[in-house]
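User: I have a model open and want to go through it piece by piece. Can you take some questions?

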Amino acid sequence: MASATFDIYMLGVGGQGIGLLSEALLRAFDHAGTQVRGVDTHGLAQRGGTVISHLRVGPDTHSPLVREGSADLVIALERHEALRGLQTHLRPGGQLVYYDAEWQPLPVRLGQAPRVTPEILATAAQERRARLHRVFVEDLPDPRQQNVAVMAWLIRHGVLPGLTARHLEAALADLLEGPTLARNLELFSRLVGAGPDSPP
Amino acid sequence: MKRMTDVLLNPAGGSEIVMGNTAIVRAMIESGVRVVTSYPGSPTPEIASAIQTLPAERCPLYFEFSTNEKVATEVAFGAALNGHLACVFFKSVGLNVAADTFVQLGLMNLPGGLVIVLGDDPGANSSQNEQDNRHLARLAYLPVLEPASPTEVYTMFKAAAALARAERTAVIVRLTTHVCHGKEKVTFAPWEPAPPDDTPRFSPQNGPYIPITSLVFPLKRQALERLGRLPGRLDPHICTKLSNHGNRRRGIITAGLPYLSLLDVLPAAREWPDILKLGLVHPLPRQKVLEFLQTHDEVKILEELDDFLEGQIKALAFDHRLPVRILGKLDPDDWMGEYTPDKVARVLARAWPDLLPPPPPPPTVTAPPRPAQLCPGCGHRSAFQAIRAALPPGTITVADIGCHTLGFLPPYEIGQVLLCMGHSCGTAAGLALFNRQRPVVAFLGDSTFFHAGLPGIINALFNHHDFTLIVMENGTTAMTGHQNHPGTGRNFREAVEAIPIRRVLEGLGVKTILETDTYQQDRLTALVKQALATPGFKTVIARHPCMLKFTREQARQGKPRLPPVRLTEACDQTKVCISSFACPSYQFTPEGKVRVHPDLCIGDGSCRPVCPRQAIQPGKKGEA
C-alpha cells in the first residue's frame, strides 16, 4: 500500500447518506495515517438524482476525481446505481460492493426502462470480471443506516487497505454525536462482529 | 464530534480535512475579513454553512445573505469604503446579476480591500450555462487568482486579501465546482484574534467616487496602471509555478483544477512536457509566460472552458516574433465541460496524438438515467398535478429557477422555457403580446421573487400585460440548501419581520391575488382556472412548506416519521400515482404491481387525491 493508489467511487441516490459514507471513509483513512483526498456531489443532483463521491487513497494522487474504468472499489447504496458505477468507473477485476436497496429511477417508474434486477447486475459484473458483493441487513432499524451496514461489511472483509474497525469508529465519532452516534456505533459493532458471510 | 468552529477559530492553526469551501473561511478569518455577503448558489453555499458554525459571540466577521448578488456586492463595496476588508461570494451566473455594480469596482479606490469569490461551474453541474467569468474580470480590469485544490484555496485567498488591502482594490478568487467541494488535509497557520476597528472611515477624499463623464478617464487610467503592476506585487510562487522536466520540445500552460488532472494523466505519457501553471490568470504573468514560450518548440494551452489565455498568449508570441507553435482549442469539445482527468487525456490526444496511450472507449452505460426529482411530499408536485388539470391545450408555461424548474420533466412537463433567475414575468409578457389564443402562465419561486422577480412583476402591471403568475412558495431557498429569504421571517442571524409575498403584491396594486396550499389540489385547479378567465395580470400563490426541510427538522428533534401511506384492496392498478403524480415513493414490485416504498414515503398523504379508486389511505402507527 506504500505507493499504490486505491481509488474508491461511491454512488447512491440523494437522501441515502452517501455524504456520511464518504466523509467517514475519508476520515478513517486519515486516522490510519494514509493520505487521502476526495470530492462529493452537492447541489441540484441531490434532489433524488444520482449522488457521487470520489475517494483517492495514497500519496500519488492529484485530482480528487477517479477516472472512468479505474476504480479499485465501487460502493453503491442502491442496485440501479451499482450497475451505473460498475459500467462507468470500476476497473476490470475490481470489486463492487452494493447495498441491495431498490429506489427505481424515473424512467423505470414510467415504464421507459427495465428495472435492474440482481440477475442483470450479476451478469454485468461477470462480463467485466468484477467481484460482486451484495450487502443487505434484514432487520435494519432505520433505512438511513444502510451506509453504516456497508461500512461494517467493508471492515469485516478487510476491503479497505490498512483500515480497521477502530479507524472507522474514530471517524464516526468525528462526525456524529449523542444518540445518533451511539445508535450507529452499536449497529456498526454488531455487524462487524457478525459471523462471516460471502467472502470478498 | 469534531466541531467546525474549533477548526476555524483555533489560534494555533493545525491540520484538518476540509473542502475548499471550508478552507476559504479559515483564510477569511486569518486575513481579518470583517464583512462577508452572498446570495446562495451552487457551488458556493457551503461557505456560508461553515460561517454558520461560528458562534455569534466569537465570530470575527459579519455575514449576510443579501436579496441578490448585486446587493451583496454593493454591501461588501460599502463596507470596503468604510475601511473594512470585505468579501462577497456567489455562483457563476450570480456575476451577471451583480454585473452593473461589479464592472465599476475596478475604477474605485477601496480602502478596506475587497475579495470577490466566484464559484464557476464548468460542466454546468447545477447551472443554466458554464460561463467563463474570466471574461467579465477582464471587462472590469480586475485581477483573478485561480486555485486548484483546497490548500491553494486557503493560500490564494490570503494572498488575494493581502493584495486587495495593500492595493485598495478588488481581487477575484475564481473557484470551480470541484475546487469548492474537493476535500483534503489542509494545514492552517496560527491566528491571533484581534479586536476589530469598526470606525466608519469613509471619506470622499479617498475617491473620486462619482464616475461621471470626463471623471471616468483618470479612474480608468488608474485601474489599468494598477492592473499592470499587480503581477509584480504578488508572491511569485502564487503567480506561477514551473515544473521543469527538461523537455525543450513540449510545454503545457494550464491553471486551476485542469493542472491536477494533468498530473494524474501524465504518468502514462511517453514523455513529460514542462508545465507552467498559472495561479494568476488575469492579468497574464507575461514575463513568465514569455520565458516559457521562448524555451519550447511547442506549447499546448490546456484551458478549461473558453480560449481566454490562448488569445493573449498567441498575441504575446506574435509581438515577440517567437517561432514557438502554440496549440490552443482544436475542437468545439475543447470548449465544453469540466477538464477532468479523462477529459484532459482526450484534449491532449487531439494536440499530440503520440503523447498518451490511446484512451479506452467511453463506457457503455445501460443503467437507466436518474434525473433529479421533486422529493416525496413536495408541494410542487401537488401543484403541478393540480395546475395541469386547469391548463387548456396550447397553454405556454414559463419556468424559472428553483426546485420547481424540475416540473419540466415528465410526467408533469410544465415549464417550457427558462433563461435565468426571475426572467419568467418578462418572458411571459413578451409571449402574451398579440396573443389572444394561448394563455401564458409564468412560475416564480419565493426566494427568486425577491431576488430578481419584482421588476418583471412591476413591468407587467405598468404595461398592462396579460398573463398569470404562479408563485411557488415553499418558505425557503430550497434548491441551494434551505437558506432564509426576506419572506421567511429570519435572516442569517436572527428573527426578523417577514415580508409576505401577498403583502408585496397588494402593495404594488395587483388586483387578483389567489392563494391556497398546494395539497388542496381541487382548490388550486379552480383558482388557476379563475385566474386564466380574468383579464390582465393576475397571480396565484401556490404554497406548501418544503417537506425536505420539514422532515429534516422533525428528525433533528427526534420526532418519528409518519408511517408510509398504504394501498387498500380497492387498488386496481390504474397506476395514476406513478404515471401522472410520479412521487418517487411509488414503485413497481418484481411482478409489476404498484407498491409504496417504505424508505421513501414520508406519510404526507399528498398523493391521496390523485387515486381514482380512493385506494391510498394513511398509514397505521407501527407500520414502516
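What follows is a short chat about the chain contact, a sheet, one proline and the domains.

User: What kind of model is this?
Analyst: This is a predicted model.

User: Which strand of chain A is joined to strand 8 of chain B?
Analyst: Strand 2 (residues 36-40) of chain A is joined to strand 8 of chain B by two bridges, and the two strands run antiparallel. Within strand 8 of chain B, B:Lys183 is the bridge partner of A:Gly38.

User: Switching to the sheet in chain B with five strands. What is the strand order?
Analyst: The order is 15-16-17-19-18 in chain B; the sheet is open and its pairing is parallel. Strand 15 (396-398) and strand 18 (512-517) of chain B are the edge strands, each pairing on one side only. From one strand to the next, the twist averages 20 degrees.

User: What joins strand 15 to strand 16 in chain B?
Analyst: Three bridges join strand 15 of chain B to strand 16 (residues 440-445) of chain B, and these strands run parallel. B:Thr397 has B:Val441, in strand 16 of chain B, as its bridge partner.

User: Which helix packs on the sheet?
Analyst: Helix 16 (residues 424-432) of chain B does, touching strand 15, strand 16 and strand 17 (468-473) of chain B. The direction of helix 16 makes about 175 degrees with that of strand 16 of chain B.

User: Now B:Pro143. Where is it?
Analyst: B:Pro143 is in the loop between helix 6 (134-139) and strand 6 (144-145) of chain B.

User: Is B:Pro143 buried or exposed?
Analyst: B:Pro143 is buried, because 25 other C-beta atoms lie within 10 Å and the cut-off for buried is 20 or more.

User: What is B:Pro143 in contact with, leaving aside its neighbours within four places in sequence?
Analyst: The residues in contact with B:Pro143 are then B:Val171, B:Ile172, B:Leu227, B:Leu230, B:Leu280, B:His282 and B:Pro283.

User: Last one: how is chain B divided into domains?
Analyst: Chain B has domain 1 (4-234), domain 2 (237-351), domain 3 (379-552) and domain 4 (562-617). The centres of domain 1 and domain 4 of chain B, taken over C-alpha atoms, are separated by 49 Å.

Technical notes. Residues are numbered from 1 along each chain as its sequence is written. Chains are lettered from A and ligands numbered from 1 in the order in which they are written. This is a predicted model: local features need pLDDT of at least 70, side-chain atom pairs count only at pLDDT 80 or more; totals for chains, interfaces and linings use all residues. Two strands pair if DSSP finds at least two bridges between them. Helices (H or I, at least four residues) and strands (E, at least two) are DSSP runs, numbered from the N terminus. Axes are lines fitted to C-alpha atoms, for helices over the stretch in contact, and angles run from 0 to 180 degrees between N-to-C directions. Two residues are in contact if their C-beta atoms, placed from the backbone, lie within 7 Å. A residue is buried if 20 or more other C-beta atoms lie within 10 Å of its own, exposed if 12 or fewer, and partly exposed in between; C-beta atoms are placed from the backbone. Domain bounds come from an automatic or database domain assignment.
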